[in-house]
Amino acid sequence: MGGPEIIAEIKNKIPDFVPLAVLQNYPDEINIKVSPQVFKDTCLALHKILFSAVAALFALDERKERGCFEINSIFVDFKNSRWITVSMDIPQENPGFDSLAKSMYSASLFEREIWEMFGIQPKGHPDLRGLRLHNEVWAKENYPLRKDFRKMQSGNLSDYKFSRVEGDGIFEVPVGPVHAGIIGPGHFRFSVAGEPIINLELRLGFAHRGVEKLFEDKLYYDAVGLSECVCGDSSFAHSLAFTHAIEKISGTSIPMQAVYLRGVFLELERMYNHVNGIGGIATDVGFSFPAAYASIIKEAILQLNARLTGNRYLKKVNTIGGVLADIDETKKQVLLGSIKHLKRDFNELVKILYSSVSFMDRVDTTGVLRRKTAEDLGVVGLIGRASGIPADLRKYFSGIYKEAGFKMASQESGDVLARLRVRISEFQESCRLIEEFAARLNKVEKSRVEPELKAGSALGYAEGWRGPVLYWVKADPAGLIQRCKIVDPSFLNWQGLAYAVLGNIIPDFPLCNKSFDLSYAGNDL
Amino acid sequence: MEIIIIIAQLILFIVIAPLLSGLVSKLKNNIRMRKGQSIFQPYYNLIKLFSKEEVVSETASWIFKAAPFVVFSAMLTAATLIPVFIASPLHRMGDFLALIFIFALGRFFMALAALDTGSSFGGMGASREMFISSLVEPAFCLVVFSIFLQFGSTDISVFGAAHPVSVCSIVAAFALFMITLAETSRIPVDNQETHLELTMVHEAMALEYSGRSLALIELSAHIKQMILFFLIAQLVFPVNFCGFWILWYSARIMVIVIAVALVEVSVAKMRLFRVADFLGFAFVLAMIAVVCAVLGV
């Protein structure tokens, strides 16, 4: 099912297309194995057929097992609720492949990552500067995600070259990585003509911890805790995506009780982050009353989290095979009562914001990200929906959301106001969803089953509050993780920010930045 | 005798000025349903800064070190022009117009010092401050003219005596209130509380300062604010400087403190270039005040 028909479509684009193998290990994943010669064309064909930017593009070091590197490229097919992976093996001597970046921009960052972490060269890539390993301190030709990497060998160090804008009255303003507020580390290099921004170049990677390497050779269970720490404000979404991958590999089917509970927690995480983001937007325009109000609502949600699960940030809640924190009848009443209060308070907050002329003036038409730009960059999640890209994993991939009549938020204008509106309608929708899920919670059913250990690889995913969180995991029969590729929505969306601020004035940058509200940790891994 | 009064007035300004900032901040926090810091926090900050070592950039010239003293002495000079205990103690030295240009002197040196270290934030702050002050000064001048027309003199001591509140004074006071928001770097023009270096105006100019120099700059800002509050108070709640005035003096300043706090929590900061509209409005109000003065209402 599904498999041959997508092959036929590719054949329409490439007449002599012959895949080496077509596998369908899970109902929502198709794996097309191709030879390196047709890899690029196959990816571009899928890009056109599915209207999908590349969702993930990553390498595996299989030299010990099979004497080659493997490259996987994942596309999402919303229409049929499935993921399509194109993979190829490339020889281990002098590894390289034809770069996709020039034909499909969204592959660009992933290719830089492959080059930096594995030393596999994307041939013809226009920009191979480091992303996360800064060559001022990290010697070249040290490829940490190769299996034989142990520790950094000394070698050539070099400086980073920023792209320069030259001309009369153009100034460069470097900001960060140390900032005045308590935010993550990132370097922003503005080229400005007076106040308007001509160019913004981001340099990230300061929070690189080698997370993907840390996953390697870890047991399933130990790794759940690690996935919660990848990006602190999305710890539940990350652990959900990770456990999803493991559950697919081990063939564990989750009790419905756990599925609903996960829905509740995922939405709670979305709610506290969205209200935090709304408060942040108000803070950044100096509108302190609603900002203070939003922080009160956020605190109420965090306290609710703590009462339901014992953890304010929903850590140590999720586990493989289900959830550890069950919601019984008393907790359910606490939950429903809190949601009622939160709804009322939130509507009050929204009223204050919408009725303030000075506030609306600041957010309207500020930091516009056009739909075409967003699509080309592969922008995902909340930011994409604000720019008119109708993509939400909850709508297309999840049974319980379909059952609850999930309505996806959508805006067209792509400015700060649109991103604010998406947050507001998602918060309200989350309240409704939690009520729906809570009504379906079942007193008798267990919230967790024991999984078996199996070898295999699978893609786990969850729609966190920023957007889709992807975990591609490969495990060996002993339950040790061989490779874990993480894609946080921030990774693709940072590029969107660099385009959204163009033409805006410098003092509006913090506002644009806050409306994107991206993660440094999730990007830097 | 006069010298004692001048010294007393200077001490009064130095001692009381930080309290006003503390009060505004406390009020703002209470409105936002927060406990807020103590009203004496600005004093603690000053004491802390005065006892701290100073870090000066290697590229800074003498201007950077001199600027805080220039700014501070400018504000002290301005303070002596204000009628508090008696009609303007140094009124022979300068009039209302002098006040505007004494402020400008301080600002000029702050901007120079901000450029001196070569940091990008200092430059941005200085350019924005100059942009805003170019809009503030014409409006301020017009306010002064309206007072001049009303009292027949730009001498502040005339204005210091009790006088009937006219339409002209009230309109001028509104214009002066808007100017005060801009001059004291408050919302909607600037934001004192922000940590976002890219949006700062006045704070960006002071970013490179530390220790005693920063303390002087902060104290100067407090004194400037107190001077402006006094002027507004004298316009709308005029009082003769003899008699039982301490309570009345404090009460009318409190009214202005409350007004500033309310404005600051109830609107968002404007886009930088929209400040021109805001101060343009202040200019128009000041113009109306002049017209009222000419008409004698």
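Guide: Helices (H or I, at least four residues) and strands (E, at least two) are DSSP runs, numbered from the N terminus. Residues are numbered from 1 along each chain as its sequence is written, while chains are lettered from A and ligands numbered from 1 in the order in which they are written. This is a predicted model, where local features need pLDDT of at least 70, side-chain atom pairs count only at pLDDT 80 or more, and totals for chains, interfaces and linings use all residues.

Visitor: Which residue in S15(A) does A:Leu470 stand opposite?

Guide: Strand S14 (residues 468-475) of chain A runs antiparallel to S15(A), with 6 bridges joining them. One facing pair there is A:Ala475 and A:Ile481. As for A:Leu470, the residue across from it is A:Val487.

Visitor: In what order do the 3 strands of the open sheet come?

Guide: S13(A) and S14(A) are antiparallel and joined by 8 bridges. The edge strands, each pairing on one side only, are S13 (456-463) and S15 (481-487) of chain A. That gives the order S13-S14-S15.

Visitor: Which residue in the turn between S14(A) and S15(A) has a positive phi?

Guide: The hairpin of S13(A) and S14(A) has 4 residues between the strands, and A:Gly467 takes a positive phi near 155° there. S14(A) and S15(A) form a hairpin too, with 5 residues between them. In that turn, the residue with a positive phi, about 85°, is A:Gly479.

Visitor: How many residues of S14(A) are buried?

Guide: Buried means 20 or more other C-beta atoms lie within 10 Å of a residue's own, with C-beta atoms placed from the backbone (exposed is 12 or fewer, partly exposed in between). On one side of S14(A), A:Pro468, A:Leu470, A:Trp472 and A:Lys474 are all buried, and on the other so are A:Val469, A:Tyr471, A:Val473 and A:Ala475. The count is 8 of its 8 residues.

Visitor: Which helix gives the largest share of the side of chain A that touches chain B?

Guide: Two residues are in contact if their C-beta atoms, placed from the backbone, lie within 7 Å. The contact takes 24 residues from chain A and 23 residues from chain B. Elements giving two or more residues to chain A's side include strand S8 (170-175), helix H11 (357-363) and helix H18 (509-516). The largest share, 4 residues, comes from H9(A).

Terms used: Two strands pair if DSSP finds at least two bridges between them.
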